[in-house]
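Here is a quick walk through a few spots in one protein model. Have the viewer open and follow along.

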Amino acid sequence: MLSAFQNAFKIPDLRKRIIFTLLLLAVLRLGAHVTMPGIDDEQLTHFFGKLAPQGGVLQLYDLFAGRAFSQMTIFALGIQPYISASIILQLLTVVIPYLERLSKEGPTGQKKITQYTRYGTVILAAVQGAGISMALRNPGYLGAGDIQVIHAGIPPAAFMFVTIVTLMAGTTFVMWLGEQISERGIGNGISLIIFANIVARVPNGAINMFKSLFSTTEGSLELVQVLIFLAVVVAIIMGVIFMTLGTRKIPVQYAKRVVGRKVYGGQMTHLPLRVNQAGVIPIIFAITIISFPTTLARMVPSAIVQDIVGYFSRWPMYHIMYAVLIIFFTYFYTAVTTNPVDLADNMKKYGGFIPGIRPGKSTAEYIDRALTRITLVGAFFLAGVALTPYILSEHLGVPISFGGTPLLIVVGVGLDTMQQIESHLIMRHYEGFLKKGKLRPRRGR
């Protein structure tokens, strides 16, 4: 692996791409520490300290923003509005014929969808910026008491305007950084931004864990707890890698076609169906849905509502509902993004067929049946990854931010980036991360 990294910096084009990516990620982390105008940093810490037990959506935002949300910086919204706009457009593609036609028009249609996604990002950033400014001006609605986060003397209308414009500009700039990384850097820019924000929180969590390990106060960690925790983390990471790369390969045979004097087709290939087809989206949806009642309960001062929400927030009801939502959204998102009928029609169009299965309807039913079975495995895997770290850290008392969502994102983005670097190395006859034999660089390259 070390030689692969050395080879990566021997290729001028790849070296420029890697350095360009690192520089833009450094700009991202620098902007994540610039606080918005009119915010009292000390009171802001108390404000989010009161909201800490609420968790849920706020923790998810802070996770994707690399603590920029809890510090209310110019990148507080991060790339989250872009992700939300992309998901909304992807879901609308299924129900709106115009968007469905655009998605099938290749690069031209994709360019148009990207443009709509940018517009949606700016609109969502404006709406969320208005909501954040109202929450900061009225902290009592969120159960944060009478904490005054805004400096005294600032007119409410001016603060709302500055907040909306700042957050819109910050989100637009982060989106531009991601697009520049995708175009001129290495890896997927949007994914790498989330990756960098998540990884930026690891050192602080590790420092807190080791401080607690060497502390002599009551409730400090023991060495056995830390070792068990690290062992489980490594095991889960290995499982995430295995399931992320896991696919169900359906054999596909293409018939021979004679065009003039040339013979086309006749080869055997396969249709890969990923076990974790939905990625991390089901966990994000589940966190959003399950956190909504808690947020609503904080705004409604009713004893009955508080008791009902408190009952469903305790073990084991919370964890059961969380797992059920993850499984449901895994099937839902897989059904939205993968259409067996379209796969069967495209296969039939180009003369392909699954051996032993009739083309057309029978092929679609076969793919749907295979997809349903492997999605069940992926759904239980996502539920297990999301719940196991949470239960583990709760019982072991390890003070580190660790969950299924960051693990899936970090591992998935890391694998995708390594595969892109690998393709550059192999294309230039260098050894990659996955060695399949000795390859020597050509002279003159």
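What follows covers a leucine, some aromatic rings and a helix pair.

## Ground rules

This is a predicted model, so local features need pLDDT of at least 70, side-chain atom pairs count only at pLDDT 80 or more, and totals for chains, interfaces and linings use all residues. Residues are numbered from 1 along each chain as its sequence is written, and side-chain values use heavy atoms, with hydrogens and water left out.

## Around L25

Start with L25, which you'll find in helix α2, residues 12-31. Helices here are DSSP runs of H or I with at least four residues, numbered from the N terminus. L25 has 15% relative accessibility, so it counts as buried (under 20% relative accessible area; exposed is over 50% and partly exposed is in between, with a 1.4 Å probe and protein chains only).

Who does L25 touch? Leaving out residues up to four places away in sequence, its contacts are I181, L192, I193 and A196, where contact means heavy atoms within 4.5 Å. L25 and F195 sit 170 residues apart in sequence, yet their C-alpha atoms are 9.9 Å apart in space.

## Aromatic pairs

Rings of Phe, Tyr and Trp (its six-membered ring) pair if their centres lie within 6.5 Å; planes under 30 degrees apart are stacked, over 60 edge-to-face, and the rest tilted. The count by this rule is 5 aromatic pairs. One of them is F328 with F332, stacked at 6.3 Å centre to centre with 15 degrees between the planes. These two are about one helical turn apart, because they are 4 residues apart in helix α14, residues 317-337.

F332 also pairs with F329, this time edge-to-face: 6.5 Å centre to centre and 80 degrees between the planes. F329 and F332 are 3 residues apart in α14, about one turn of the helix. F329 counts as buried because its relative accessibility is 12%, while F332, at 36%, counts as partly exposed. Elsewhere, F75, F173 and W176 form one aromatic cluster.

## Where α5 meets α14

Helix α5 (residues 80-95) packs against α14 at an angle of about 60 degrees, with the axes 9 Å apart. Axes are lines fitted to C-alpha atoms over the stretch in contact, and angles run from 0 to 180 degrees between N-to-C directions. That makes α5 oblique to α14 (under 35 degrees is roughly parallel, over 145 roughly antiparallel, 65 to 115 roughly perpendicular, and the rest oblique).

On the α5 side, Q90, L91 and V94 meet F332, Y333, V336 and T337 of α14.
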